[in-house]
Amino acid sequence: VDIRDYTTPYQDWCDQAAGCPGALNPRVPFASIMNKEPRIPLSLAAPTLISARFTMEAVRIIAKFDRSTLRGALPIDTNNDILPDLIDYGTQLTGLWDCGEVFDEATVALLGRPPPDGTTTCQWTADDEIAINLGRDFTISVGDSIFLNPDRIYTIPRPQDNEYSMAASGGIRVSMPFPLEPPLIQISGNTEVDECGSVELSALDSRNLGGDARYNWTLASFFDLGINPGGRPWNRTKRILLEAVLKNATTTNSGVLYIPSENLEPAAGYDIRLSITSRWGLSANQTITVTKLDYAAPVVQIIGNLTRTVTRRSRVDILSQGTASPCANADRSLAYRWVETTGQLDFLAYPLIATSTRSLVIPPFTLVPRGVGADVNLYNFTVSAFVPTAPNKAAYASVTILVERSPVYVQLAVEDRI
């Protein structure tokens, strides 16, 4: 049935004076489909986002295209024949730039504010890759989408063949890092205290957390350090107070655990279990043994990671920090002594290595690897801090050094042939 009305002549398909915005005028009886931006003769494919991934610590999102781009340089058509006549490299994005140059407003709101109000910036790391440097105020999560601004990103053209592309469009969902690794727990702080000392442990240097972690502190066990075959009476009130401290650190999601001296019994050891869950949902556990002495003694701790990986050519610097006993009338003078406990390094054979200072410096080529390939050799260095007049009342801290083989590089001379 033909219901078209021919009685009223109508010339314009749309409001041409306004630039034809919106749909056709309802009085138009019929119209053919028209592509306002034909791809031909723009024969090169437009860039397409193929991935957008967080880095492991969520300090960046790496957005990757399927082909090399002009990095924001714009093709210019000077004669309205659709084909560009020149490339305006003055618009190319270099250095650090506002992410709003490439991504739409909704995306920028998730990524965080640019300078000067925020710290989120973008930069090209390759012709096909943008690094989004996230500030502290970002709210974007795995599964959220990022979208491109129209008419901003183009494929590198082939002007000799008269081949150009349309602008990139669309977006992509942000995904997790790959490969995804579990948290690597790093504990610092004093794990041995005297009868007047408090315990402070920090897991804030742990890695692979994605910048956002859940901390869970629990008491796994406790034991007597004394020689008492008949056992000892335990103070139930102190244990309840200790468990309350652990629960509060978990509830407040604190990466730092502080245990007052009065919550620990003297001559006792406590196994404290820490579980960390990263932003990516992976978890790791570690048990830290805390020792409470029953006499006044200094406290000593290793500054930095307690497990370190080095190569044979590395110089190893280990720094300890000793603190005099907080007990009243305690002697404030301190002395130090370093030993290697696996028996692989005899300091007597290396008289130039000072072992009576708070720092231990081991020259290159002193520690050696073992085995083949990825095998490592383990050394354990322990420092004791004590009052010179009472060397038997000392505090101890240890660090583990893993020695691996140095990488081998091959460099060819200019005229070499393979």
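Which residues have the most contacts inside the largest nonpolar core? The legends below take up this question and then turn to other close-up views. The model is predicted, so that local features need pLDDT of at least 70 and side-chain atom pairs count only at pLDDT 80 or more, whereas totals for chains, interfaces and linings use all residues. Residues are numbered from 1 along each chain as its sequence is written, and side-chain values use heavy atoms, with hydrogens and water left out.

**View 1. The largest nonpolar core and a second, separate one.** The largest nonpolar core has 28 residues, and Phe 54, Ile 61, Phe 103, Ile 130 and Ile 132 are those with the most contacts inside it. A nonpolar core is here a set of buried Ala, Val, Leu, Ile, Met, Phe, Trp, Tyr and Cys residues joined through side-chain atoms within 4.5 Å, and buried means under 20% relative accessible area, exposed over 50%, and partly exposed in between (1.4 Å probe, protein chains only). At least two residues of this core come from each of strand S1 (49-54), S2, S5 and S6; strands (E, at least two residues) and helices (H or I, at least four) are DSSP runs, numbered from the N terminus. A second core of 27 residues is separate, and Ala 203, Leu 219, Ala 249 and Val 299 are among its members. In soluble globular proteins, nonpolar side chains tend to be buried together.

**View 2. The surroundings of Ile 130.** When neighbours within four places in sequence are left aside, the residues in contact with Ile 130 (heavy atoms within 4.5 Å) include Ile 61, Ile 62, Ala 63 and Phe 65. Trp 97, Val 102 and Phe 103 also touch Ile 130, as do Cys 122, Gln 123, Trp 124 and Thr 125.

View 3. The whole structure contains 10 salt bridges, each defined as a side-chain nitrogen of Lys or Arg within 4 Å of a carboxyl oxygen of Asp or Glu. In one of them, Lys 64 meets Glu 129 at 3.7 Å, N to O; because Lys 64 lies in strand S2 (residues 60-65) and Glu 129 in strand S6 (residues 129-133), the pair ties together parts that are 65 residues apart in sequence. Lys 64, Asp 128 and Glu 129 are linked in a network of salt bridges, and Lys 64 is partly exposed at 28% relative accessibility. Another salt bridge joins Arg 71 to Asp 127, with the closest N and O atoms 2.6 Å apart. Arg 71 sits in the loop between S2 and strand S3 (74-76) and Asp 127 in the loop between strand S5 (121-126) and S6, 56 residues apart. Arg 71 has a relative accessible area of 24% and counts as partly exposed, and Asp 127 is partly exposed at 30%.

**View 4. The salt bridge of Arg 152 and Glu 101.** These two side chains, Arg 152 and Glu 101, meet at 3.3 Å, N to O. Arg 152 belongs to the loop between strand S7 (145-147) and strand S8 (171-173), while Glu 101 belongs to the loop between strand S4 (86-88) and helix H1 (105-111), and the two are 51 residues apart. Arg 152 is buried, at 11% relative accessibility, whereas Glu 101 is partly exposed, at 36%.

**View 5. Strand S14 and its partners.** Eight of the 10 residues of strand S14 (residues 268-277) are buried, so the strand is largely enclosed by the rest of the structure. Strand S12 (residues 214-224) runs antiparallel to S14 and is joined to it by 10 bridges, with Tyr 215 opposite Ile 276; two strands count as paired if DSSP finds at least two bridges between them. S14 also pairs with strand S15 (residues 283-292) in the antiparallel sense, over 10 bridges, and Ala 268 has Lys 292 as its bridge partner in S15. S14 and S15 form a hairpin with five residues between them, and Gly 281 in the turn has a positive phi of about 90 degrees.

**View 6. An open sheet of three strands.** The sheet has the order S9-S11-S13, with antiparallel pairing. Strand S9 (188-189) and strand S13 (256-259) stand at the edges with a single partner strand each, so one side of each is left without a neighbour in the sheet. S9 pairs with strand S11 (residues 199-202) over two bridges, and Gly 189 has Leu 201 as its bridge partner in S11.
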